[in-house]
Amino acid sequence: MFDVRRLVVLREVARRGSLSAAAAALNYTTSAVSQQITALERDIGSTLLVRGPSGVRPTAAGTRLLEHADTILGAVADAERDLARMAGARPGAVRIASFATAAATILPRAISRFRALCPEIDVELVPADPEKGVALLATGDVDAAVITEVPGGDPEFPRVHTDVVFDDEFYVVLPASHRLAASSTVPFAALADERWIVSTETGVCPDVRVFEKSCRQAGFVPSVTFRAEDYSTVQGLVAADLGVSLVPSLAAHGGVHPDVAIRRVAGRAPVRRISIATAHPPAASTPLATFVSLVRAVGAQLRAETVYSVAERPFSVA
């Protein structure tokens with residue numbers, strides 16, 4: 001019999017492709033991760049990873065074990081909850097990791113409704129970007145994580161279960177004095193010669209990939225002059241007439257700089273997909289399943305609200 005907790009480590013190593021990357025995600029040392037894998041291989045009696053200069057990859061035995069990992073870890077979590085209920089223990093809390101814009105817009109509505117339905121269960125909100133949230137999910141430190149994905153693309157985190165919440169539309173952010181600021185909608189191709197401000201330092205998150213895809217579809221390669229960590233900084237740079245950008249509707253709900261104009265993209269607008277990830281599909285009638293359903297209901301409500309134009313939205317400056 002092997003220690004099932006070591007499956008969390010194996011799964012993270014396979015996902016990250018290296019022991020050091022998995023260690024960083026799990027807040028372990030690389031040595032500790034290596035020791036966990038070695039112990040698991042000893043218990044299993046098979047080599048689970050092939051180590052090389054470019055990283056690690058699962059062996060056939062490792063791949064087969066990973067196919068069972070989500071089911072095994074999910075069953076353990078379900079058993080712990082069932083035993084807690086039999087013992088009359090307090091159900092505890094639903095722990096949710098979320099990035100800032102979803103935490104400020106989607107989750108408050110869901111948490112309020114959840115408390116009305118399940119007043120005996122606490123909700124813990126853990127600030128985390130999607131990648132960190134999924135890492136916390138893998139270690140069991142949270143029960144769910146709000147993530148972003150590219151609609152129609154490969155799953156951002158293929159080893160977790162996801163439920164779609166909301167397709168978040170992007171809007172063009174222009175300096176208030178821009179030639180197109182008075183337009184109700186802006187053709188994306190009309191911005192081909194602009195300087196662009198991108199909302200991430202890394203350039204690899206779903207938001208940036210949606211932006212780059214929109215540029216390709218409009219037939220141009222963007223000239224990126226600044227990269228920022230958050231959308232409030234993006235708006236400040238745009239307000240200073242240093243470029244133009246895109247901002248998702250949920251981020252715009254946090255406030256609009258007085259010296260920018262936010263306008264809808266003409267035609268088919270770019271969107272990012274917001275989903276809620278869990279280690280496995282939540283068991284029916286559990287607090288987690290209830291919370292996930294409420295988050296999805298909020299997403300449906302937000303979709304209904306998108307029938308209004310930008311000029312009718314509370315964050316518009318039109």
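Modeller: Let's start with a term: helices (H or I, at least four residues) and strands (E, at least two) are DSSP runs, numbered from the N terminus. Keep in mind too that this is a predicted model.

Colleague: Thanks! How many helices and strands does the protein have?

Modeller: There are eleven helices and twelve strands. The protein has 318 residues, and 46% of them count as buried.

Colleague: How do I read a pair of strands? Which way do strand 1 and strand 2 run?

Modeller: Look at which residues face each other across the pair. Strand 1 (residues 49-52) and strand 2 (residues 55-58) run antiparallel and are joined by four bridges. Leu49 stands opposite Pro58, and Val50 stands opposite Arg57. The link from strand 1 to strand 2 is a hairpin through two residues.

Colleague: Now a single strand residue. Why does Ile96 count as buried?

Modeller: First, the general idea: in a regular strand, side chains alternate between the two faces of the sheet. As for our case, Ile96 lies in strand 3 (residues 93-98). Ile96 counts as buried because its relative accessible area is 1%, and the cut-off for buried is under 20%.

Colleague: Which residues does Ile96 contact, leaving aside its neighbours within four places in sequence?

Modeller: With those neighbours set aside, its contacts are Leu107, Val123, Glu124, Leu125, Val126, Ala144, Val146 and Phe291. Sequence distance and spatial distance are separate things to read: Ile96 and Leu136 are 40 residues apart in sequence, with their C-alpha atoms 9.7 Å apart. Across the protein, of the contacts between residues at least 6 apart in sequence, 75% join residues at least 24 apart.

Colleague: What about a core? Which residues of the largest nonpolar core touch the most other members?

Modeller: They are Phe188, Trp196 and Leu246, in a core of 32 residues. Several elements each supply at least two residues of this core, including strand 6 (161-175), helix 8 (206-218) and strand 11 (260-265). There is also a second, separate core of 26 residues, with Phe114, Val146, Ile276 and Leu288 among them.

Colleague: Last one, a helix. Which residues of helix 9 are buried?

Modeller: The general idea is that an α-helix has 3.6 residues a turn, so residues three or four places apart point the same way. In helix 9, the buried residues include Tyr231, Val234, Gln235 and Val238. Leu237 and Ala239 are buried there too. Just after helix 9, look for Asp241, which takes a positive phi of about 60°.

Terms used. Residues numbered from 1 in each chain as written. Predicted model: local features only at pLDDT ≥ 70, side-chain atom pairs only at ≥ 80, totals over all residues. Heavy atoms only, no water. Core = buried A, V, L, I, M, F, W, Y, C linked by side-chain atoms within 4.5 Å. Buried < 20%, exposed > 50% of the residue type's maximum accessible area, 1.4 Å probe, protein only. Pairing = 2+ DSSP bridges. Contact = heavy atoms within 4.5 Å.
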